[in-house]
Each structure stands twice: as C-alpha cells, then as structure tokens.
Amino acid sequence: MTDSQKGLAGVTAADTALSRIDGEEGRLFYCGYDIHPLAEQGSFGESLYLLWYGELPSRMALTVFEGLLAGERRLPAEVESVLRALPPETAPMAALLTAVSVLGQIDADGPNNGFQADIEKAGRIVSMIPVCVAAHHRLRLGLDPIEPDPDLSLAEDLLRMLTGERPDDVASKALDKTLLLYLDHGLNASTFACRVVASTLADLYAAICAGVAALSGPLHGGANEQAMRMLDAIGSVDRVDAYLDRELGANRKIMGFGHRVYRVEDPRASHLRRMAEELDGLHGEPGTYELARAVEQAMFARKGLYCNVDYYCASVYRSLGVPLDLFTPLFAVGRAGGWAAHVMEQHRDNRLIRPRARYTGADERPYVRIDQRND
Ligand code: SDX
C-alpha cells in the first residue's frame, strides 16, 4: 500500500447514485441536485425523500412522506427503560448507540433486508433517533422525556423535546438546514462503516449502529463538539494567534479544519458560516462568530486549510442553545437518513466488502512451547 492509500485515500470502494462530491471544484450534489439551491430553498424532508426515492417529491408526496415519518416519532418503552438504566454520565453518542441497538431488537422486521422492509425500518430509525437523543438528554438531567408531537416538523419537535419550549421559526429552520447539510456525503467514514456491515447481510439497525460508532470520533462527526470546545478554550480574538502557535507547533490538529476530499472550501461551510453570523447571540453572549472567523482566517493564513462542515455548524448549534455534547448526536440525526439510503443501496446490489491488508509483521518463525520460553 502506498502512502497515498493509507486510510484508503483516493480509493474508490463503492458505486453510489446518492451523493456526488467534486473535491476540486468544491461542489456537492444529492442525486444530481446541487446542494446550494437545496439548502437555500429546500428542506431536510424533501432531501431525505430525494435520497430514498431518487426524485424530488411533489407537494402531496412530501406531505404524505413527512406524515408517515412523524407517525413513527415515538419512544418505545423498552428503549426508555434502557436509557433510564444508563449511568447519568453516559456520553450521548454512546446512549444513542445503545438505543439504536435496542430499536433493532424490538422491530419485528429487524432481520428482513428486503427493500420494502428496509425503507419502512429506515423511516422508523430516522424518526426515532431524534426522540432517543432528546429523551436521553432529559433523563440525564433527572427530567422525564417529552412526548413527540407529530404535528411539528422533525427539527421543531427535536428542539421542543430537548428544551420543553416550542422554538421559533428561525431556530427550527436553522436546525432543519443543518440536518439537510449533514444528510449525506459520499463514502465518509461512518457511511463506509454502514456499508461494510450491510455487505455482510447484517440488517439496517446493525449497520446504523456501526455508523453511530464511527461518527462519534473527533476526526469525523465528533469534530463539531471539539471545534466548539476549542473556541471556548481560546475565549477571545486576541488569543487566537498564541493558541494556534502552540497547537500547530505541537503538531496537533485544529478541529473543524481540513478535509480528505475537498481541495477548496467545503460547499456546506458557506451556508453554515452565513447562518453562524446571522444567529450569533440568539442564545447567550454574541461574539462566537467573530472569534470563529478570526480562527478561520488565521488557519488559512498559516496552513492554507479551509474549514469543513463541522466548524461553523458548531457555532450554529451554540446559537440554538444546543448543549455541547449533543452537537455530534444532531449530526447523527441528519446523517441517519444518508446511512439508511446507503444501506438500502448496498442491500439492493450486494457483494461482501472485504479488502486485503498488506502484512508488515514478523517473518515465519517456529512456535516455542510456553515452558521453554524465557521469562
Ligand atoms: C467530517 O469525509 C467526509 O465526508 C467527512 C464529513 C462528512 O460529511 O461526513 O465531511 C464530516 O468528518 C469533517 C472532518 C471533521 N474532522 C476534523 O475537523 C478533524 C480535523 N481535521 C483533520 O484531522 C483532517 O483534516 C481530516 C481528518 C478531516 C482529514 O484527514 P486526512 O485526509 O487524513 O489529512 P491528513 O491528516 O493526512 O492531513 C494532511 C495535511 C497534514 O500536513 P502535512 O503532514 O502534509 O504537512 O494537512 C494537515 C496535516 O497535518 N492538516 C491539518 C489539519 N488537517 C489537515 N493540520 C492542522 N489541523 C488540521 N485540522
């Protein structure tokens, strides 16, 4: 394996008709539609429908689709009791992993990988993940979960289930847009993990568990939380240079910057930067945007690195009042739709994903019995 293939860089490992990334031009498409008009004029539900059915929905089709999904938005008693049994300090991504695993155990269609069963299960998963995230958050605060309200959009209901208060239109639309932007992104690490699991003919729930696990790491979805922690640690614009000198001098990665595929700006970042500016100070003190912008400019000047999707999404979630350790679970709420689409695509035209490893260990050597080995 050459150096450039380490981490499978540059390797094409699947065919997909879902999203296309042009890393040189900084463009992203869902089923052929440019992300920019989708983000500006579309919605998460519409983009989800597009990924699952390959076409944009009519108004009627979207209403029916969103109605069906809203009807699946609930917290099964079995999941609630497992979430209640978790230690209060359980990380929200670990709780979500547990919840998805339990959801799989109580779904009678769990092991059925047929298209109809998969798409129905996908609807249940996408609808119940936000309920599980909100319920775990309430429970760890010693509060009861809040019942979902199927009359609200997924984004609006999620914010309400977290805080107990119905959010305004600006906040729900902002969350909806972040979910749309997080929905799918080629063969990113968590999606690849889902496809590997699905390729063994394991079921959708097992594959989504793999996606949640892979997303939790700071080099992937965990970066939105870590980017905010960094901004909090820097604290003010006048401390940006000293912070970056120290971290880059110690060869540490700056969270929210760099990307495996994009050589120019991540097209999702421009929407999130604008939202971060518009929403700054909606909750808490304003100033996060100014600080984030200063770090972004300093990183570009020093390393020529652009920020990625997670960087300004962190500022948006801060402005929406989302607790820090729920930033990555919200990424999972959006990405779950993409994971499900990839699993269905894999199940429809499957071949076991099983690459090889180049062996770098010891040459062949004789076995020595334990009583003949030196201490
Ligand atoms: C996501 O792939 C996807 O689609 C992911 C995603 C999605 O939608 O699913 O877009 C979402 O996960 C975004 C990425 C979130 N992660 C981070 O923000 C963590 C910080 N970023 C880096 O660790 C890194 O840029 C990665 C992990 C995103 C990409 O890693 P690569 O492709 O393996 O790049 P690399 O680590 O080999 O870096 C290449 C060079 C190195 O310098 P040189 O040794 O060549 O001199 O760029 C430097 C790196 O040191 N570099 C960074 C850096 N990112 C790259 N230096 C400092 N800080 C950084 N963030």
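The legends below describe close-up views of a predicted model.

**View 1. The largest cavity in the predicted model and the residues around it.** The search finds 1 cavity of 30 Å³ or more, and the space in the largest cavity comes to about 30 Å³. Its lining is formed by L83, P92, A95, L96, A99, C132, V133, H136 and P329. Rolling a probe the size of a water molecule over the atoms shows where empty space is left.

**View 2. Helices that contribute to the lining of the largest cavity.** Two or more residues of the lining come from each of α5, which spans 92–105, and α6, which spans 115–140. Helix α5 supplies the largest share of the lining, with 4 residues.

**View 3. The pairing of helix α14 with helix α15.** Two packed helices are described by the angle between their axes and the distance between the axes. Here the axis of α14, residues 288–303, and the axis of α15, residues 309–319, come within 10 Å and cross at roughly 170 degrees. Angles over 145 degrees count as roughly antiparallel, and α14 and α15 are therefore roughly antiparallel to each other.

**View 4. Residues in the contact between α14 and α15.** From α14 the contact draws on T288, Y289, A292, R293, V295 and E296, and from α15 on Y311, Y312, S315 and R318. By class, this contact of α14 with α15 brings together 5 nonpolar, 2 polar and 3 charged residues.

Methods. Residues numbered from 1 in each chain as written. Predicted model: local features only at pLDDT ≥ 70, side-chain atom pairs only at ≥ 80, totals over all residues. Heavy atoms only, no water. 1 Å grid on protein atoms, 1.4 Å probe; cavity = no way out; pocket = protein on both sides within 12 Å on 5 of 7 lines; lining within 4 Å. Points joined across faces, edges and corners; volume = space filled by probe spheres on them. Axes fitted to C-alpha atoms, helices over the stretch in contact; angles between N-to-C directions. Parallel < 35°, antiparallel > 145°, perpendicular 65-115°, else oblique. Contact = heavy atoms within 4.5 Å. Nonpolar A, V, L, I, M, F, W, Y, C, P; charged D, E, K, R; others polar.
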